[in-house]
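Here is a short briefing for a reader meeting this structure for the first time. Look over the sequence and the model, then take the topics in turn.

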Amino acid sequence: MKPYVVCHMMGPLDGQLLVEQWTPSTGQPYDALIAEYDRVHEQFGADAWISGRAVGAEFADGKPHSPIPIPSVERPVHVARSGADEYAVLIDPHGKLHWTGPKTYGAATIVLLGRDVPDAHLAELSSDGISYVTAESDKIDLVHALETLNTKFGIKRLILEGGAHTNAEFLEAGLVDEISLLLFPAICGRTSSQTIFRTRPDGLADRLRLSMISSEVRQAGVMHLRYKVDYACKNKGG
């Protein structure tokens with residue numbers, strides 16, 4: 001059984017991802033926008049949030065510090081802490097991220113890793129009090145990873161918070177149950193900026209349908225939109 005997954009994001013009218021690029025158009029301070037986003041995040045009452053490597057790099061401020069000698073390590077799962085109030089799950093296929101402690105933004109850290117990450121990196125994570133799940137093939141199987149998060153850590157509700165490629169990968173795998181978007185009265189207008197979802201060249205238009213759950217007007221003209229994701233559509237025009 002996998003957790004219920006909510007993809008929770010924020011953006012301007014043209015759907016651009018990088019907040020600092022469109023903040024001036026709102027007339028609001030950057031911190032105020034993030035605070036509004038965080039308030040909605042907390043309202044979901046999720047057990048965990050998950051992000052890709054690029055987002056994880058914003059939090060992982062450590063340097064390599066593997067124990068010497070390298071002890072034996074657990075594969076495919078190491079549970080450093082069970083029953084945490086909140087988990088931060090970071091996808092790091094090649095083991096490039098390093099921490100200075102067991103928490104990320106106040107939440108107990110779990111790292112999803114590729115199969116070929118060396119024992120030295122796993123030992124480093126374990127010594128830092130960090131849980132991890134390694135893939136059993138050459139690519140991280142997101143379906144299996146989410147099932148492991150449920151069975152080994154008790155995660156039942158998970159907030160997906162990007163970046164653009166990670167959001168798209170979850171959608172393509174049929175794992176997103178709901179999309180939550182804070183739509184700000186702003187326009188970025190940069191043609192080179194990433195959008196909230198970045199996927200294959202032919203897109204996702206033939207892969208899913210969205211139906212409205214709710215809409216709410218919040219402070220400063222912000223709209224909170226919630227959509228149910230339906231993957232029943234398999235063919236174009238279906």
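**Tyrosine 4 and its surroundings**

Leaving aside residues up to four places away in sequence, tyrosine 4 touches Lys156, Arg157, Leu158, Asp177 and Glu178. The model is predicted. Tyrosine 4 belongs to strand S1.

- Tyrosine 4 counts as partly exposed because its relative accessibility is 31%, and buried means under 20%.
- The side chains of tyrosine 4 and glutamate 178 are joined by a polar contact of 2.7 Å.
- Asparagine 150 is 146 residues from tyrosine 4 in sequence. In space, the two are 9.8 Å apart, C-alpha to C-alpha.

**Overall build**

- The protein has six helices and 11 strands.
- Its radius of gyration is 18 Å, which agrees with the value near 18 Å for a compact globule of 238 residues.
- The C-alpha trace spans about 55 × 45 × 35 Å along the principal axes.
- Of the 238 residues, 47% are buried.
- Take the contacts between residues at least 6 apart in sequence: 73% of them join residues at least 24 apart.

**Histidine 78**

- Histidine 78 sits in strand S3, which covers residues 77-78.
- With 11% relative accessibility, histidine 78 counts as buried, because the cut-off is under 20%.
- Its side chain makes a polar contact of 3.4 Å with the side chain of serine 126.
- Not counting residues up to four places away in sequence, histidine 78 touches Ser126, Ile130, Ser131, Tyr132 and Phe153.

**Helix H4**

- Helix H4 runs over residues 119-127. Its buried residues include Ala120, His121, Leu122, Ala123, Glu124 and Leu125.
- Strands S4 (87-92), S6 (107-113) and S7 (131-134) are among the elements that cover the buried residues of H4.
- Glycine 129 follows H4 and has a positive phi, near 80 degrees.

**The largest pocket**

- The largest pocket has a volume of about 1,300 Å³.
- Its lining holds 44 residues, and Ser51, Val55, Glu161, Gly162 and Gly163 are the closest to its centre.
- Two or more lining residues come from each of strand S1 (4-11), helix H1 (19-22), helix H2 (30-43), strand S2 (48-51), helix H3 (53-56) and helix H6 (164-172).
- H2 gives the largest share of this lining, six residues.
- By class, the lining of the largest pocket has 20 nonpolar, 11 polar and 13 charged residues.

**The second largest pocket**

- The second largest pocket has a volume of about 210 Å³.
- It is lined by 13 residues. Nearest its centre lie Leu171, Ile179, Leu181, Phe197 and Leu210.
- At least two lining residues come from each of S1, strand S9 (178-183) and strand S11 (223-230).
- S9 supplies the largest share of the lining of the second largest pocket, three residues.
- This lining has 12 nonpolar residues, one polar residue and no charged residues.

**Links between topics**

- Strand S1 holds tyrosine 4. S1 also gives residues to the lining of the largest pocket and to the lining of the second largest pocket.

Note on methods: Residues are numbered from 1 along each chain as its sequence is written. This is a predicted model: local features need pLDDT of at least 70, side-chain atom pairs count only at pLDDT 80 or more; totals for chains, interfaces and linings use all residues. Side-chain values use heavy atoms; hydrogens and water are left out. Helices (H or I, at least four residues) and strands (E, at least two) are DSSP runs, numbered from the N terminus. Buried means under 20% relative accessible area, exposed over 50%, partly exposed in between (1.4 Å probe, protein chains only). A polar contact is a pair of N or O atoms within 3.5 Å; within protein, one must be able to donate a hydrogen and the other to accept it, and residues adjacent in sequence count only if both atoms are side-chain atoms. Contact means heavy atoms within 4.5 Å. On a 1 Å grid over the protein atoms alone, a cavity is a set of points where a 1.4 Å probe fits but cannot get out, and a pocket is an open set with protein on both sides within 12 Å along at least five of seven lines; lining residues have an atom within 4 Å of a point. Grid points are joined across faces, edges and corners, and a volume is the space filled by probe spheres set on the points. Ala, Val, Leu, Ile, Met, Phe, Trp, Tyr, Cys and Pro count as nonpolar, Asp, Glu, Lys and Arg as charged, and the others, Gly among them, as polar. The radius of gyration is taken over C-alpha atoms; the globule rule is 2.2 Å times the number of residues to the power 0.38.
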